[in-house]
Amino acid sequence: EPRPELLEEGTQPKGTRRTCCFKPTPAKTKAKLLLEALHRWQLKGSESVVCCNFHEALAEVGSLIKQLRRGPCLTEFVCSDSGNYVQCPRCQAVDAAPEGNPFVCDVCDYVMTLP
């Protein structure tokens with residue numbers, strides 16, 4: 001049972017996670033998206049010995065994940081059945097649906113026409 005002080009208004013208690021119509025995104029696609037995000041970070045500089053910037057960035061990701069796990073639930077996180085999102089049939093990345101056509105996946109460059 002989640003602690004009440006961690007649940008903000010509009011959040012869902014543990015066990016009430018909504019299911020989604022999208023397929024699971026494969027690890028290869030998730031890794032590519034994470035690496036793209038890490039390239040946009042300015043690292044704080046590790047005080048411990050780290051072999052390279054890549055592993056320093058991963059250490060920062062680990063710290064950030066610990067911090068986020070302690071935070072409140074986000075009820076509208078990732079999946080939405082509202083029609084505002086589209087999933088690439090090639091790499092299974094999920095993105096905001098474009099205003100018009102075509103949809104071009106920014107992960108694998110797949111192009112498709114939306115209904």
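The legends below describe close-up views of a predicted model.

Residues are numbered from 1 along each chain as its sequence is written, and side-chain values use heavy atoms, with hydrogens and water left out. Because the model is predicted, local features need pLDDT of at least 70 and side-chain atom pairs count only at pLDDT 80 or more, while totals for chains, interfaces and linings use all residues.

**View 1. The chain and its elements.** The chain holds two helices and four strands, in the order α-α-β-β-β-β from the N terminus. Helices (H or I, at least four residues) and strands (E, at least two) are DSSP runs, numbered from the N terminus. Of the 115 residues, 18% are buried; buried means under 20% relative accessible area, exposed over 50%, and partly exposed in between (1.4 Å probe, protein chains only).

**View 2. The largest nonpolar core.** Nine residues form this core: Val86, Cys88, Cys91, Ala93, Phe103, Cys105, Val107, Met112 and Leu114. A nonpolar core is a set of buried Ala, Val, Leu, Ile, Met, Phe, Trp, Tyr and Cys residues joined through side-chain atoms within 4.5 Å. Neighbours within four places in sequence aside, Leu114 is in contact (heavy atoms within 4.5 Å) with Val86, Pro98, Asn101 and Phe103.

**View 3. Valine 107 in a loop.** Val107 lies in the loop between β3 (103-104) and β4 (111-112). Its relative accessible area is 6%, so Val107 is buried. Not counting residues up to four places away in sequence, Val107 touches Thr29, Lys32, Leu33, Cys91 and Ala93. Val107 and Cys91 are 16 residues apart in sequence, and their C-alpha atoms are 7.6 Å apart in space.

**View 4. Glutamate 60 in helix α2.** Helix α2 (residues 53-69) contains Glu60. Glu60 counts as buried because its relative accessibility is 17%. Residues up to four places away in sequence not counted, Glu60 touches Trp41, Leu43, Lys44 and Gly45.

**View 5. Cysteines without a disulfide.** The whole structure has zero disulfides, a disulfide being a pair of cysteine sulfur atoms within 2.5 Å. Cys52 is in no disulfide, and the nearest cysteine sulfur, that of Cys51, is 3.8 Å away. Cys52 is partly exposed, with a relative accessible area of 30%. For Cys108, the closest cysteine sulfur is in Cys88, at 3.6 Å, which is too far for a bond.
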